[in-house]
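Subject: The model we talked about

Hi,

Here is the structure I promised to pass on to you. Have a look at it first, and then read my notes below.

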Amino acid sequence: MNKTFLLTFIRTMEDNKYFIGKDRVYVGSLLMVVLQERMEYCTDILKQLLRDLIARTVEKRFQPKILFRRSESVAERMLTAWFTFLMYPFLKESGGQQLYQLFFAIKQQMEKGPQDAITLDARYSLSEEKLLRSTFEFRAIYIFLGSEPGVDVYPTHVRVLDCDSITQVKEKCLDALYKTTPYSNRPTANDVDLEWRDCLSGRMILQDLDTTSRSEQGGWRVLNTLAHYKVNDNASFVLVPRQSNSYYNLSLMSGKSEKSTFSLKNNSPTLPRPFGTHSSSHSKEQDSCKLFHIVRPSEHGPGDQQDKMVTEIYLTRLLTMKGTLQQFIDDLLEVIFSTGSRRSPLPSCIKYMFDFMDEQAEEHGIYDPEVVHAWKSNALPLRFWVNLIKNPQFLFDIPKPTKIEGSLSVVAQTLMDACSTQEHVLTKDSPSSKLLFAKDTRRFKGWVDRYYQTIKEMPPISENDMNAQLAIESQAHTRQFYVFSALNELYRYLEQYKEQLYEQLAMNEAAVSQHLPEKLRKMLETMDPQIDYSTGMSNGTNDGYNSASRLMP
């Protein structure tokens, strides 16, 4: 791989006004896929692109603090992926454990109280916006979940709420039965039916909607719950394969069949989905009626009083949830801002890149410590850790945490506030999440400052030592990506910008000395031998452009 060619290729694309943000992100990702097996070379390219980016920011007098906050350049996208690749061992050995424990603790606490299956508002949440404000009676009951003959699952008792929708009950049952099974290897709630074995009529399939569902004025229908079916403690149930539209058969429930390809999107309680066994018979009903579970939405939206007022009872719920999760949040942020332990030392990539940022700031005469602080915070905590906190399914084999995303967003926002150098003045109108974590944020800010200062005082990592670690990392993940598919996609961009690229190479002395313009022309002729590029590449026209050409068929 020729460094001059690759850098010229990237610069040529970024200089074009039609190379939009989506393209920059996509190309940055493709380059990291291609270069992942050569992390030494990749890091060299990345550092040069970052030098260019910082120089442009200083030259054009842009606000330097926002650098690396968003993926607005190929370099910024590559930096995020670079940290992702090199932080994986740390996540596997240390950081991932605290993140999963926080995810599981939020999920477990949320399921102790009601959650509206349509709006996802919950009695227990860190987010005021996702707090269930309706007050009603409910009770926890335990149901006995048996198994069909020949199915390799153990009977168990499952804690549910009498106000749970049938889909929510199925999800809790699946969590209990398959708690040690990766999510991708187990059935989903849409793949099974819940059969009540000891009801008065003998056996009954419970459904979210059926002929017994309650209707209300205005075309509203209420999702069925266990209370609707009058289910009591120790009722006996089994999960059986769906009678129609099932992607799983009974062998799957014993863990012996292939992974489901059923889209999680279709599981969302906020999207139309088949209810019960006879989904086709209910699809027309769904289209002609409005559904609700616990809280019936107001025809005119929430009232002013509901919007503005957070009563003491709601604040108490937020504080209760925070108190339950406090230790898990502290543990996660402590491992994020720890400079190492015997079990998991500070990843070398952090020290190496933070030193590079310090050097660049000094080189460009940037002596405001808040600028470099912002660079480091944008590059690692905000672009890497915040993304993982909001999307733990990127790291773990779990469903997309739609039900608890409000609480995860509050934790992520707390991390962002801890990394900010600005002091936020809190008032009675401040978001409840900021008020909830006001004292903690001040404590976390001290952790962040100490983290950056300790890293800066550590002995620098030599280029040879870093290259050795990068080589080990490359070897450990060989052939994990479809490199030729990524090259295919990159070639589409090369075709699109081939004229400008040829001109830039022809004006670059280093490129000319390495005969890169001629090599580019020969490569294009090899890819599409029916077109003569010898004239088209010299006069700057777009004759001979073929967007269908590919590296691979």
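Predicted model: local features only at pLDDT ≥ 70, side-chain atom pairs only at ≥ 80, totals over all residues.

The chain has 20 helices and eight strands. Of its 553 residues, 49% are buried. If you take the contacts between residues at least 6 apart in sequence, 72% of them join residues at least 24 apart.

Five strands make an open sheet with mixed pairing, in the order 2-1-7-3-4. Its edges are strand 2 (156-161) and strand 4 (202-206), each of which pairs on one side only. From one strand to the next, the twist averages 40°.

Six bridges pair strand 1 with strand 2 in the antiparallel sense. Two of the residue pairs to look up are phenylalanine 144 with histidine 157 of strand 2, and tyrosine 142 with arginine 159 of strand 2. Helix 5 (residues 166-177) packs on this sheet and touches strand 1, strand 2, strand 3 (192-199), strand 4 and strand 7 (236-241). The direction of helix 5 makes about 145° with that of strand 2.

Strand 1 also pairs with strand 7, this time in parallel, through two bridges. Phenylalanine 144 takes part here too, with serine 236 of strand 7 as its bridge partner.

Strand 5 and strand 6 (residues 220-222) run antiparallel and are joined by two bridges. Across from glutamate 216 you will find tryptophan 220 of strand 6.

**Helix 2 and what covers it**

How does the span of helix 2 (residues 21-35) agree with what its 15 residues should give? At 1.5 Å a residue, helix 2 should span 21 Å, and its end C-alpha atoms are 21 Å apart, which agrees. The buried residues of helix 2 are Asp23, Arg24, Val27, Gly28, Leu30, Leu31, Met32, Val33, Val34 and Leu35. Among the elements that cover these buried residues are helix 1 (3-14), helix 3 (39-59), helix 4 (74-110) and helix 16 (483-496).

**Two helix pairs**

Helix 3 and helix 4 have axes that come within 9 Å and cross at roughly 145°. The crossing of helix 3 past helix 4 is left-handed. On the helix 3 side, the contact is made by Met39, Cys42, Thr43, Ile45, Leu46, Leu49, Leu50 and Leu53. Helix 4 brings Ala75, Glu76, Met78, Leu79, Trp82, Phe85 and Leu86. By class, this contact has 13 nonpolar residues, one polar and one charged.

The other pair is helix 10 (residues 348-363) with helix 11 (residues 369-390), whose axes come within 10 Å and cross at roughly 145°. Here helix 10 passes helix 11 in a right-handed crossing. Helix 10 makes the contact through Ile350, Phe354, Met357, Asp358, Gln360 and Ala361, and helix 11 through Val372, Trp375, Lys376, Ala379 and Leu380. Eight residues of this contact are nonpolar, one is polar and two are charged.

**Two loop residues with positive phi**

Most residues other than glycine have a negative phi. Asparagine 234 is not a glycine, yet has a positive phi of about 65°. You will find asparagine 234 in the loop between strand 6 and strand 7. Arginine 479 likewise is not a glycine and has a positive phi, of about 60°. Its place is in the loop between helix 15 (463-476) and helix 16.

Is arginine 479 buried or exposed? With a relative accessible area of 74%, arginine 479 is exposed, since exposed means over 50%.

Definitions and conventions. Residues numbered from 1 in each chain as written. Heavy atoms only, no water. Helix = DSSP H or I, 4+ residues; strand = E, 2+ residues; numbered from the N terminus. Expected span 1.5 Å × (residues − 1). Buried < 20%, exposed > 50% of the residue type's maximum accessible area, 1.4 Å probe, protein only. Contact = heavy atoms within 4.5 Å. Pairing = 2+ DSSP bridges. Axes fitted to C-alpha atoms, helices over the stretch in contact; angles between N-to-C directions. Left-handed = near helix turned anticlockwise from the far one by under 90°. Nonpolar A, V, L, I, M, F, W, Y, C, P; charged D, E, K, R; others polar.
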